[in-house]
Amino acid sequence: MTFKYTLLLVFVLAGITTSAQEKVPAEMPDTNFHIYLLMGQSNMAGRGKVEGAFLERSHERVLVLNKRKEWVGARNPLHFDKPKVAGVGPGLTFGIKMAKANPDVRIGLVPCAVGGTSINLWQAGAFDKVTKTHPYDDALVRIKEAMKTGVVKGIIWHQGESDSRPGASETWLKKLAVLVDHIRQETGNDSLAFVAGELGRYKENYQSINREMERLPDVIPFSVVVSSRGLRHKGDGTHFNSPSARKLGKRFARAMRKLTTRQ
């Protein structure tokens with residue numbers, strides 16, 4: 001074999017190696033890192049007091065995607081939509097229960113809720129003047145970031161207080177179905193589990209949304225509604241107190257496990 005031929009062969013092989021390296025995919029998401037999206041308004045974000053046991057509550061296998069899009073150990077409060085009032089919501093208890101139910105996985109929570117948002121603000125391009133955020137668009141950025149490291153398994157949703165009035169509650173469910181469909185398209189899972197929580201039963205006008213929720217499983221496939229029976233507000237007539245938020249988190253987890261087991 002001549003020197004010239006050998007040199008040519010070296011260059012060809014080097015080119016093949018380089019091409020192969022360029023085609024090697026980036027590190028694949030960890031299939032044992034189960035991600036759940038926390039979406040809705042203030043009762044999902046949490047407004048319960050962060051004190052006592054709620055201050056220290058955590059789990060070594062439960063992480064949260066923080067405001068800087070970093071995975072860190074999950075502690076209350078999870079959300080940062082309104083830092084001065086963010087508190088205990090259902091998310092952390094939900095995550096801990098999901099982790100305990102499956103010791104072989106880590107749980108990643110992606111806080112996306114924004115207090116005070118109507119369903120109209122959960123569409124592409126919608127801007128919330130109060131928080132100066134784009135609830136849907138911002139959530140989508142966080143969801144895509146989370147998908148780089150894990151697999152999205154489901155959504156827990158609590159919202160509707162801002163739509164619990166004539167003229168809004170009647171179209172709420174239809175708009176929610178569109179939102180869920182969009183999130184499923186973005187995650188590439190048309191059967192992504194969706195669990196919605198009833199609004200507090202302590203306020204009469206909230207029941208207009210709860211009545212709409214009765215139809216939710218028929219309108220949105222692979223979904224279930226969890227009850228708010230027995231849950232109490234923290235004294236403001238609107239937001240769940242910390243023990244009630246914890247109970248709701250447990251209900252979300254039970255429903256999510258049953259829903260994903262059936263799939």
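Visitor: How many of the 11 residues of helix 4 are buried?

Guide: In general, an α-helix has 3.6 residues a turn, so residues three or four places apart point the same way. In this predicted model, 8 of the 11 residues of helix 4 (residues 91–101) are buried, so the helix is largely enclosed by the rest of the structure. The buried residues are Gly91, Leu92, Thr93, Phe94, Gly95, Ile96, Met98 and Ala99.

Visitor: How should I read the sheet, and what is the order of its strands?

Guide: Strands of a sheet pair through backbone hydrogen bonds, either parallel or antiparallel. Here an open sheet of 7 strands has the order 3-2-4-1-5-6-7, and its pairing is mixed. Strand 3 (71–73) and strand 7 (223–226) stand at the edges with a single partner strand each, so one side of each is left without a neighbour in the sheet. From one strand to the next, the twist averages 25 degrees.

Visitor: Which strands pair with strand 4 in the parallel sense?

Guide: Strand 1 (residues 33–40) pairs with strand 4 (residues 106–111) in the parallel sense over 6 bridges, and within that pairing tyrosine 36 has leucine 109 as its bridge partner. Strand 2 also pairs with strand 4 in the parallel sense, over 3 bridges, with isoleucine 107 of strand 4 as the bridge partner of valine 62.

Visitor: And where does the antiparallel part come in, for strand 2 and strand 3?

Guide: Strand 2 and strand 3 run antiparallel and are joined by 3 bridges, with leucine 65 standing opposite tryptophan 71 in strand 3. The two strands form a hairpin with 5 residues between them, and lysine 69 in the turn has a positive phi of about 65 degrees.

Visitor: Which strands does helix 6 lie across?

Guide: Helix 6 (residues 169–187) lies across strand 1, strand 5 (151–158) and strand 6 (193–197), and runs at about 165 degrees to strand 5.

Visitor: Where does pLDDT stay under 50?

Guide: Where pLDDT is low, the predicted coordinates should not be read in detail. The chain averages a pLDDT of 92, with 89% of the residues scoring at least 70, but over residues 3–25 pLDDT stays under 50, and the model has 1 contact beyond four places in sequence for that stretch.

Technical notes
Residues are numbered from 1 along each chain as its sequence is written. This is a predicted model: local features need pLDDT of at least 70, side-chain atom pairs count only at pLDDT 80 or more; totals for chains, interfaces and linings use all residues. Side-chain values use heavy atoms; hydrogens and water are left out. pLDDT is the predictor's confidence in each residue, from 0 to 100. Contact means heavy atoms within 4.5 Å. Two strands pair if DSSP finds at least two bridges between them. Helices (H or I, at least four residues) and strands (E, at least two) are DSSP runs, numbered from the N terminus. Axes are lines fitted to C-alpha atoms, for helices over the stretch in contact, and angles run from 0 to 180 degrees between N-to-C directions. Buried means under 20% relative accessible area, exposed over 50%, partly exposed in between (1.4 Å probe, protein chains only).
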